[in-house]
Amino acid sequence: MSGIKTLGQFIIEKQLDFPYAKGELSRLLRDIGIASKIVNREVNKAGLVDILGDAGTTNIQGEGQKKLDVYANEQFIAALTSGGECCIVATEEEDDFVPIDSPVSKNAKYIVCIDPLDGSSNIDCNVAVGTIFSIYRRKSVEGNATLTDVLQKGTQQVAAGYVIYGSSTMLVYTTGKGVNGFTLDPSIGEFCLSHPNMKIPEDGTIYSINEGNYVHFPDGVKKYIKYAQVEDLSTKRPYTSRYIGSMVADIHRNLIKGGIYMYPTTAASPNGKLRLLYECNPMAFIIEQAGGIASDGLNRILDIEPTELHQRTSIFIGSAKMVKMAEALMAEHSPVTPLQGQGVVIGE
Ligand code: AHG
Ligand code: MN
Ligand code: MN
């Protein structure tokens, strides 16, 4: 085993960074790791068994659910229920938050927000999908945890991570002390440390956006896209356009190579499409910890005060220099905070 450090070993070692930690967060992370291996197994055989296709139900946001979304949701909730460290799961796939009511979770003090399967429309064509999670400490000290415990700002996250089920499967997470990535070695069934202390390049040449929505983008975004396409050797433009349609996969690639991922407001999604609690906040925490920036175009994602479980926001996330340029163009050409489409002009 020389040279290999498993996720389990790494988590235990890192627990020593927190002298008063009782190991609850470590167990929570371990549980998420185990559930993700089960989901990985099912995702890998998606082409083989009759698990593809609509489950026939629709989630609160009116989106058709694929069977694997449902399966992944059940696996993570089951793991968090039996683990005993989590009192509430807020998931993309359930209208309301799910209180965990089991004898082992009586004194549980963690809240988990999760997108069990991100990019699930990509499964039937064998394109990478992911899981995104975010962990908070509950604020209330007694009684049942409530929605107020869930609606915390991104700055309050104690840990966040994602799993990418790609050409290999990786788990990447942060507890606020840098970002580490683990690749699943299927021969031993363990996530092994493969990307220690991940840092996103300060600048990059990849921009990722669903350009089909161009006509509906704010002017600041249109200007950024044009900026990306102009020839300028000193800044290595024109940039390269890459859009997978799985946020996890697009951001993971940009984390490694340098780049910007944008999902701005559109006519179909006037408040943005992606969800603050279980998509944008965790990815923002990871990217900031890796040295990048995450913004809604004008404000830091992690500073947004959530008011709803399934709240959406626009997002510009990635290499610091690229996001700053996009923010500058937004401030100049679209100086309206996209915060939930309230149409508030800055300065008013
Ligand atoms: P989910 O599968 O969890 O609903 O998320 C899909 C998200 C995100 O992963 C992706 O980047 C984006 O939706 C793609 O949206 P468009 O098809 O509108 O580009
Ligand atoms: Mn998603
Ligand atoms: Mn999803």
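In which loop is K236 found? In this predicted model, K236 lies in the loop between α5 and β12, where helices (H or I, at least four residues) and strands (E, at least two) are DSSP runs numbered from the N terminus. Residues are numbered from 1 along each chain as its sequence is written, and chains are lettered from A and ligands numbered from 1 in the order in which they are written. Local features need pLDDT of at least 70, side-chain atom pairs count only at pLDDT 80 or more, and totals for chains, interfaces and linings use all residues, while side-chain values use heavy atoms, with hydrogens and water left out.

K236 is not a glycine, yet its phi is positive, at about 55 degrees. The residue has a relative accessible area of 62% and is therefore exposed; the classes are buried under 20% relative accessible area, exposed over 50% and partly exposed in between (1.4 Å probe, protein chains only). The loop between α5 (219-229) and β12 (240-241) also holds P238, and the peptide bond from R237 to P238 is cis, with omega near 5 degrees. A positive phi of about 60 degrees is found at N126, likewise not a glycine. N126 belongs to the loop between β5 and β6 (129-137) and, because its relative accessible area is 75%, counts as exposed. Most residues other than glycine have a negative phi, and most peptide bonds are trans.

The protein is divided into domain 1 (7-195) and domain 2 (206-333), with bounds from an automatic or database domain assignment. The centres of the two domains, taken over C-alpha atoms, are separated by 23 Å. Their contact (heavy atoms within 4.5 Å) takes 49 residues from domain 1 and 31 residues from domain 2.

Ligand 1 is surrounded by 17 residues, each with a heavy atom within 4 Å of the ligand. The closest are D118, G119, Y243, Y261 and Y263. Each of domain 1 and domain 2 supplies at least three residues to this shell. By residue class, the shell comprises 6 nonpolar, 5 polar and 6 charged residues; Ala, Val, Leu, Ile, Met, Phe, Trp, Tyr, Cys and Pro count as nonpolar, Asp, Glu, Lys and Arg as charged, and the others, Gly among them, as polar. Oxygen atoms of ligand 1 lie 2.5 Å from a side-chain N or O atom of Y263, 2.8 Å from one of K273 and 3.0 Å from one of E92. The protein buries 83% of the 480 Å² that ligand 1 exposes when taken alone, as computed by the Shrake-Rupley method with a 1.4 Å probe. Two or more shell residues come from each of β5 (110-118), β13 (260-263) and β14 (274-275), and β5 gives the most, with 3 residues.

The loop between β4 (98-99) and β5 contains S105, and A108 is found in the loop between β4 and β5. S105 counts as buried because its relative accessibility is 5%. A108 is buried at 5% relative accessibility. Leaving aside neighbours within four places in sequence, S105 is in contact with T81, G84, C86 and I100, and A108 with G84, E85, C86, C87 and R138. The C-alpha atoms of A108 and N299, which are 191 residues apart along the chain, are separated by 33 Å.

Methods: Polar contact = N/O pair within 3.5 Å; in protein donor to acceptor, adjacent residues only side chain to side chain.
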